[in-house]
Amino acid sequence: MLYQREVLDTPEWWRGLDEMIARERDANPGAVQTALIPVLHYVQDRFGYIPPKAVNHVAQALGVPTSYVCGVASFYSYFSMEPRGAYTVSVCQGTACFVRGAQAVLDEICRQLNVKPGETTPDMVFTVSDSARCLGACGQAPVMMIDDDVHAHVRPRDVQGILAQYTAKARHEMQLREELAEIDARSHHE
Ligand code: FES
């Protein structure tokens, strides 16, 4: 299964984006960057990253060069210009986790998903983070995070089961989104 974001690319969504851009522009006269940030969040919430099509669209709507939009998006670490998986997996690299076998957990994640740290699986379900500082849960070391979910005392043999839960979740969510996109498209044609 490919976690396809193309299904999210609907005319209705782009109309919603235009409305939002107009709102932000009117609320922030002369302050393009202030208007741009929430717009980029809106785009990233939808696609998981800022696709080139959205960069062009937003730049045109705000009357700024695409390089300006790219510059702002790359300045803030929470925006990504690269497609990312539906879930970001990270293993704490702090000292407590390191001494309790975090590296073996990370190695097992990479082995299971067949990627290196920093890479995204071809089905777009997981991105494995290449860095994670102490998550403040040292008593539960080694700690693995999937988005905001903390998995404590993880052993390499737990990895497969944990990842499987999220693969199932991604599949389910994708089905729901496809159904919603269909309903959305149908309701606009009626
Ligand atoms: S060292 Fe891993 S949570 Fe602190």
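In the protein, which comprises 190 residues, buried residues account for 23%. The coordinates are those of a predicted model. Along the principal axes, the C-alpha atoms occupy a box of roughly 55 × 40 × 25 Å. The secondary structure consists of 7 helices and 4 strands, and these elements follow one another along the sequence in the pattern α-α-α-α-β-α-α-β-β-β-α. With regard to the sequence separation of contacts, 63% of those between residues at least 6 apart in sequence join residues at least 24 apart.

The protein is divided into two domains, domain 1 spanning residues 6-75 and domain 2 spanning residues 87-185. The centres of domain 1 and domain 2, taken over C-alpha atoms, are separated by 29 Å. Contact between the domains involves 4 residues of domain 1 and 5 residues of domain 2. On the side of domain 1 that touches domain 2, the residues are 2 nonpolar, 1 polar and 1 charged by class.

The packing of helix α1 (residues 11-27) with helix α2 (residues 32-47) was examined next. Two packed helices are described by the angle between their axes and the distance between the axes. For α1 and α2, the axes come within 9 Å and cross at roughly 160°. Because angles over 145 degrees count as roughly antiparallel, α1 is assigned as roughly antiparallel to α2. The crossing in which α1 passes α2 is right-handed. On the α1 side, the contact is formed by Trp13, Leu17, Met20, Ile21, Glu24 and Arg25. These residues meet Ala35, Pro38, Val39, Tyr42 and Arg46 of α2. By class, the contact of α1 with α2 contains 8 nonpolar and 3 charged residues, with no polar residues. Glu24 and Arg25 of α1, together with Arg46 of α2, are the charged residues in this contact.

At the level of an individual residue, Leu180 was considered within helix α7, which covers residues 156-189. Leu180 has 13 C-beta neighbours inside 10 Å and therefore counts as partly exposed. Leu180 and Leu8 stand 172 residues apart in sequence, yet their C-alpha atoms are 9.5 Å apart in space.

Methods: Residues numbered from 1 in each chain as written. Predicted model: local features only at pLDDT ≥ 70, side-chain atom pairs only at ≥ 80, totals over all residues. Helix = DSSP H or I, 4+ residues; strand = E, 2+ residues; numbered from the N terminus. Buried ≥ 20, exposed ≤ 12 C-beta atoms within 10 Å, placed from the backbone. Domains from an automatic or database assignment. Contact = placed C-beta atoms within 7 Å. Axes fitted to C-alpha atoms, helices over the stretch in contact; angles between N-to-C directions. Parallel < 35°, antiparallel > 145°, perpendicular 65-115°, else oblique. Left-handed = near helix turned anticlockwise from the far one by under 90°.
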